[in-house]
Amino acid sequence: MKIKIVNTSSHPLPQYKTEDAAGMDLFANISDAIVLRPMERALIPTGLFLEIPKGFEAQVRPRSGLALKYGITCLNSPGTIDADYRGEVGVILANLSQEEFTIQNGDRIAQLVVAAYTKVEWELSEELSHSERGSGGFGSTGK
């Protein structure tokens, strides 16, 4: 599948780094470094604009290395980019660590995953069918 993309940054287009990768790296497109203090968040522009086909969405997700090593994650994760959105792709980064984190122009800040979705119609009902799990959630099946 091909997706139209406008790249106003000086960075490469998102690309898969391995044959079986699901996500592609997004790069910060900023003129000056941004310092995220502990528990702060910021919207980081990428310089990318997408035309996603109907029936698909793009999901912005955290990079596992940034999360593990530095406590940097994406809020609203995964962030959905709808097929009819034509604005710039932005990444809401948050610093959950106890240390300041500096974002430089060109840093890999998130991943982009393109996925199909299904539209549904609600069927109002008075009850739901039985399942083995039932209403158990939030760790009810064990640690």
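Student: Leaving aside neighbours within four places in sequence, what is Arg 63 in contact with?
Tutor: Arg 63 is in contact with Asp 25, Arg 108, Ile 109, Ala 110 and Gln 111, once those neighbours are set aside. Keep in mind that this is a predicted model.

Student: Where does Arg 63 lie?
Tutor: In the loop between E5 and helix H1, which covers 64–70.

Student: And is Arg 63 buried or exposed?
Tutor: Buried. The relative accessible area of Arg 63 is 17%, and the cut-off for buried is under 20%.

Student: Back to Asp 25. Which strand is that in?
Tutor: Strand E2, residues 24–27. Asp 25 counts as buried too, at 9% relative accessibility.

Student: What does Asp 25 touch, not counting residues up to four places away in sequence?
Tutor: On that count, Asp 25 touches Pro 14, Gln 15, Lys 17, Arg 63, Arg 108, Ala 110 and Gln 111.

Student: Changing topic: how many residues are in the largest nonpolar core?
Tutor: There are 24, and Val 60, Leu 93 and Ile 103 have the most contacts inside that core. Each of these strands supplies at least two of its residues: E4 (41–51), E5 (56–61), E6 (72–74), E8 (88–95), E9 (101–103) and E10 (108–116).

Student: Which strand gives the most to this core?
Tutor: E4, with four residues.

Student: Take Val 60, then. What does Val 60 touch?
Tutor: With residues up to four places away in sequence not counted, Val 60 touches Leu 26, Cys 74, Ser 77, Pro 78, Gly 79, Ile 81, Val 89, Val 91, Ala 110, Gln 111 and Leu 112.

Student: What about Thr 73, buried or exposed?
Tutor: Thr 73 is buried, with a relative accessible area of 18%. Thr 73 lies in strand E6. Not counting residues up to four places away in sequence, Thr 73 touches Pro 62, Ile 92, Leu 93, Ala 94 and Leu 96.

Student: And Glu 19, buried or exposed?
Tutor: Exposed, at 79% relative accessibility. Glu 19 lies in the loop between strand E1 (4–7) and E2. The C-alpha atoms of Glu 19 and Arg 37 are separated by 36 Å, and the two residues are 18 apart along the chain.

Student: What percentage of the residues count as buried?
Tutor: Of the 143 residues, 31%. The protein exposes about 10,300 Å², with 50% of that supplied by carbon and sulfur atoms.

Student: Last one: how many positive and negative charges are there, and how far apart are their mean positions?
Tutor: There are 14 positive and 18 negative charges, and their mean positions are 6 Å apart.

Definitions and conventions
Residues are numbered from 1 along each chain as its sequence is written. This is a predicted model: local features need pLDDT of at least 70, side-chain atom pairs count only at pLDDT 80 or more; totals for chains, interfaces and linings use all residues. Side-chain values use heavy atoms; hydrogens and water are left out. A nonpolar core is a set of buried Ala, Val, Leu, Ile, Met, Phe, Trp, Tyr and Cys residues joined through side-chain atoms within 4.5 Å. Buried means under 20% relative accessible area, exposed over 50%, partly exposed in between (1.4 Å probe, protein chains only). Contact means heavy atoms within 4.5 Å. Accessible areas come from the Shrake-Rupley method with a 1.4 Å probe; for residues, only the protein chains shown count as cover. Lys and Arg count as positive and Asp and Glu as negative; His and the chain ends are not counted. The place of a charge is taken as NZ of Lys, CZ of Arg, CG of Asp or CD of Glu.
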